[in-house]
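Please look over the sequence and the model shown here before reading on.

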Amino acid sequence: MKSRTSDLPAPPPDTEGAIRAYKTVLASVIEQRPSGTRQRLADALGKHRSFVSQIANPAYSTPIPAKHLPAIFSVCHFSPAEREAFVSAYAIAHPGKAPANASRRTRHISLTVPDLGDDRQNAALDRAILDFIQKITSIAGKT
């Protein structure tokens, strides 16, 4: 019995290559920004700076969670061309995962909150604020 290659499903896209592509864009953007950008991004994500280094390093195939994209775009101030290149590669790497508003312009605001005296509690407060903002903006985006 002959096997027909046309009956086989198409091979998956080069996910790792696409991940490297969007991480390369992110790494380039971060390198062009003022010092302290990695720390500001870590603060906005409620993560450690080492997390930012990992998600921005094309050598690591760890994907960037879609929920972090708005904060990344806000803190890093992508140009329209950089944003388009990033979002295009992200869509190839993670079909259907990029938020619909990933290409929407964002702005960065700064809040002053109390230091709770405990790193875990401070991180939990940061995450709660970020989650709240994401919920509010997702509601606003649906109207």
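Is Glu82 buried or exposed? With a relative accessible area of 16%, Glu82 is buried, where buried means under 20% relative accessible area, exposed means over 50%, and partly exposed lies in between (1.4 Å probe, protein chains only). This is a predicted model, in which local features need pLDDT of at least 70 and side-chain atom pairs count only at pLDDT 80 or more, while totals for chains, interfaces and linings use all residues. Residues are numbered from 1 along each chain as its sequence is written, and side-chain values use heavy atoms, with hydrogens and water left out.

**Salt bridges**

- The structure holds two salt bridges, a salt bridge being a side-chain nitrogen of Lys or Arg within 4 Å of a carboxyl oxygen of Asp or Glu.
- One of them joins Glu82 to Arg33, with the closest N and O atoms 3.1 Å apart.
- Because Glu82 lies in helix 5 (residues 80-93) and Arg33 in the loop between helix 1 (15-32) and helix 2, this pair ties together parts that are 49 residues apart in sequence; helices are DSSP runs (H or I, at least four residues), numbered from the N terminus.
- Arg38 forms a salt bridge with Glu31, and here the closest N and O atoms are 3.0 Å apart.
- Arg38 counts as buried at 19% relative accessibility, whereas Glu31, at 59%, counts as exposed.

**Helix 4 and what covers it**

- Helix 4 (residues 69-76) is mostly covered, since seven of its eight residues are buried.
- Among these buried residues are Ile72, Phe73, Val75 and Cys76.
- What covers the buried residues of helix 4 includes helix 1, helix 2, helix 3 (49-55) and helix 5.
- Just after helix 4, His77 takes a positive phi of about 50 degrees.

- Thr37 lies in helix 2 (residues 37-45) and is buried, with a relative accessible area of 3%.
- Leaving aside its neighbours within four places in sequence, Thr37 is in contact (heavy atoms within 4.5 Å) with Val75 and Cys76.
- Ile30 lies in helix 1 and counts as buried at 5% relative accessibility.
- With its neighbours within four places in sequence left aside, Ile30 is in contact with Arg38, Leu41, Val52, Ala56 and Cys76.
- Ile30 and Ile72 are 42 residues apart in sequence, and their C-alpha atoms are 9.9 Å apart in space.

Notes:
Helix = DSSP H or I, 4+ residues; strand = E, 2+ residues; numbered from the N terminus.
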